[in-house]
Amino acid sequence: MGNNRKRIAIFGSGLTSRYKRSYCRAYSTAAEKLDIDLVVFNTYGMIGRGNALTDDFESEILNYIDLSQFDGIVYDSEGYNVDGMADKVEIKLKSAKCPVVSISSKVDGFYSIDFDDAGGLRMMIDHFIKDHHFTKIGFMSGNLDHPDAVTRLEEFRSVMKEYGMPEDGVGMFEGDFWFNKGTEAAHYFLSLAERPEAVVCANDYMAIALTNAFRKRGINVPKDIAVSGYDGSVEGKELLPHITSVTRERSEIAYKALKLLVDIADNGVPDKPDLRVTPKPIYTQSCGCEPLDYDHVLETVARLHDEKRYMSFAVFDSESVMLQLNRVKSVRGMEAVFEKNSINFGKYLSFFLMVHVDSKGAPAYSSDFTGPSGNFIPAVWIDKNKEYADSPHCADTSRLIPESSSDRNHVYYVMTVHCAGKMFGYSVVEMTGKDIFDEFYNVWMLNLGMTLNSLQMNDHVNKLIGKLEGLSITDGLTGMLNRRGFDNKSREAIADFHERITVCTLVIDMDGLKRINDEYGHSEGDRAIKALADMIIRCCDSGEIAGRVGGDEFYIFAPDYSEIRLNRFIERMKGYTEEYNMANTLDYKFDFSYGSFLTETDSYGSIEEFLKISDARMYEQKMSKPGRRR
């Protein structure tokens with residue numbers, strides 16, 4: 001994104017919904033007109049009917065977005081339907097040095113679009129009363145903890161009072177701004193002592209639900225009861241009858257928000273920014289202003305059939321892709337599957353899947369990956385028009401978006417890619433037209449996340465198998481861990497520490513093994529070594545990790561230890577030694593020397609350093625014994 005073109009970020013959620021997709025088109029159109037680049041950060045939001053498990057992983061990308069690369073930011077809080085997500089985004093955006101415009105809510109420190117919702121609702125009530133001469137009007141509100149619902153209900157009551165009618169008309173029903181309360185609302189209005197001639201709904205979705213519920217009860221809209229909505233949604237224009245509504249003028253919202261940010265970047269903060277958007281009424285079939293246009297009906301039905309057919313094929317494609325991705329063995333295979341089959345979410349120009357790398361350069365899909373470093377590398381790189389430089393070796397947070405050599409403006413959509421509690425990275429896609437991708441892109445991203453997770457798990461398993469096949473971790477004489485086995489297991493244990501804890505290392509060495517071998521033979525020496533190993537194993541009852549690391553040398557690593565446990569361990573070892581000597585019929589004394597080290601550590605602690613201290617102490621003890629004999 002060169003050429004000194006202004007860059008604006010947009011933060012939103014659930015942008016593939018039909019309501020939000022029209023906003024995306026409006027922003028793309030305005031960006032082209034203003035000749036600016038857009039980077040749109042989108043999240044899934046709620047998946048299904050209540051699955052909010054994506055929240056923590058989707059918000060993680062906020063840590064890697066450098067806001068200084070943007071000349072302005074547009075924030076749409078309306079789509080963040082997972083608790084806490086909007087708060088995280090707002091905290092991030094309040095750290096920005098550039099101006100921020102909020103288009104759906106008022107946020108301290110941000111510019112806000114000034115919607116004349118009250119004026120729009122007034123237009124609708126005036127229309128029902130003045131043009132249709134209705135006097136019995138009901139109101140279906142949104143959930144009353146929502147500020148839009150409060151504004152629209154207050155205006156309904158104010159206008160009704162001005163006309164000398166009851167403030168709540170013939171009755172007020174609290175809906176949910178969605179499709180779930182239509183049946184209840186229809187029952188409520190039809191059960192009133194005074195049946196309404198018209199019902200004003202606080203948005204289109206509730207108007208659609210109410211109209212359908214009325215039809216099931218044998219009520220004809222608008223002949224028996226007129227219905228209106230608000231927002232001017234695509235769904236309201238497709239329903240038969242089309243919903244009379246008030247539109248928020250998405251094109252005007254997008255243009256004014258982006259134009260303000262560009263003007264501030266060029267000329268500084270204006271004295272009186274023009275962010276007021278005046279709604280426009282759509283008087284159509286559900287209030288009786290327009291008859292059904294059968295040609296338009298036929299066009300709508302044909303288009304819906306085409307969409308249904310497309311959806312069916314897109315589902316089949318998604319099922320096929322899931323099977324193909326399940327068989328890939330590497331990210332190159334994943335890229336091949338995507339490039340060949342990514343035809344079901346819309347046409348695109350470029351797609352990049354960028355994955356975390358750790359401080360040593362290991363990618364997030366590798367089992368060697370330790371943690372994110374803030375840098376990313378491409379796992380999938382598809383550049384259909386060859387507008388981008390060769391795949392970069394590494395991209396830091398200031399280059400979330402690869403640099404294009406083309407001279408046109410760009411609109412990029414960025415989403416996190418995650419699975420099983422891990423954010424692997426993020427995707428970037430640029431569509432060919434002004435429309436955003438559809439929901440099948442989300443399916444792709446979820447599948448890519450699961451594929452990366454599978455690659456990581458398979459890599460881990462394969463490396464474990466390779467290690468087991470290439471070496472033995474068990475000491476043949478004693479059955480204990482050998483040096484490699486001890487190192488692996490103790491390092492895994494310390495890597496799992498989530499906080500600082502007290503650990504202990506012990507080095508134990510047999511006394512007088514050379515004399516035993518010289519005077520009684522190596523078989524007796526092996527028997528003595530095995531006896532010492534058995535004693536150590538019997539004493540390891542508190543999570544200790546023990547191994548034979550040399551001829552007569554043993555290492556012990558004990559997580560979550562204490563001096564009391566250490567003393568108990570040594571006293572038991574001494575007791576077992578006395579028992580051995582009492583039963584031994586040969587003329588030698590069985591004994592051992594030891595060195596211990598207790599310390600606090602976390603997952604970054606060095607067991608090797610601890611063992612060096614223990615070994616030095618063991619050697620000091622051995623040297624101090626009278627009549628010492630190796």
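**Reading charge, sheets and salt bridges**

Modeller: This is a predicted model. On its surface, E290, D293, D295 and E299 gather in a patch of negative charge.

Biologist: Where in the fold is E290 placed?

Modeller: E290 is in the loop between β13 (280–282) and α10 (294–325). Its relative accessible area is 41%, so E290 is partly exposed.

Biologist: How should I read the pairing of strands?

Modeller: Strands of a sheet pair through backbone hydrogen bonds, in either the parallel or the antiparallel sense. Here, an open sheet of 9 strands runs in the order β5-β4-β3-β1-β2-β16-β17-β14-β15, with mixed pairing. Its edge strands, β5 (111–112) and β15 (375–383), each pair on one side only. Within the sheet, strand β2 (residues 37–43) and strand β16 (residues 411–419) run parallel and are joined by 4 bridges. V39 stands opposite Y412 in β16.

Biologist: Which strands pair with β7 in the parallel sense?

Modeller: β7 pairs with strand β9 (residues 198–201) over 4 bridges, and with strand β8 (residues 171–174) over 4 bridges. G138 has V199 in β9 as its bridge partner, while M140 stands opposite F173 in β8.

Biologist: Are the residues of β7 buried or exposed?

Modeller: In a regular strand the side chains alternate between the two faces of the sheet. In β7, I137, F139 and S141 point one way, G138 and M140 point the other way, and all are buried. Because 5 of the 5 residues of strand β7 (residues 137–141) are buried, β7 is largely enclosed by the rest of the structure.

Biologist: What of a pair within one helix?

Modeller: E519 and R515 form a salt bridge at 3.2 Å, N to O. Being 4 residues apart in helix α14 (residues 513–520), E519 and R515 are separated by about one helical turn.

Biologist: Which residues do salt bridges with shared partners join into one network?

Modeller: That network consists of D117, D148, R152, D231 and R248.

Definitions and conventions:
Residues are numbered from 1 along each chain as its sequence is written. This is a predicted model: local features need pLDDT of at least 70, side-chain atom pairs count only at pLDDT 80 or more; totals for chains, interfaces and linings use all residues. Side-chain values use heavy atoms; hydrogens and water are left out. Patches are made of residues with over 30% relative accessible area and no salt bridge: like charges are joined within 9 Å, nonpolar side chains (Val, Leu, Ile, Met, Phe, Trp, Tyr) within 5 Å. Accessible areas come from the Shrake-Rupley method with a 1.4 Å probe; for residues, only the protein chains shown count as cover. A salt bridge is a side-chain nitrogen of Lys or Arg within 4 Å of a carboxyl oxygen of Asp or Glu. Lys and Arg count as positive and Asp and Glu as negative; His and the chain ends are not counted. The place of a charge is taken as NZ of Lys, CZ of Arg, CG of Asp or CD of Glu. Helices (H or I, at least four residues) and strands (E, at least two) are DSSP runs, numbered from the N terminus. Buried means under 20% relative accessible area, exposed over 50%, partly exposed in between (1.4 Å probe, protein chains only). Two strands pair if DSSP finds at least two bridges between them.
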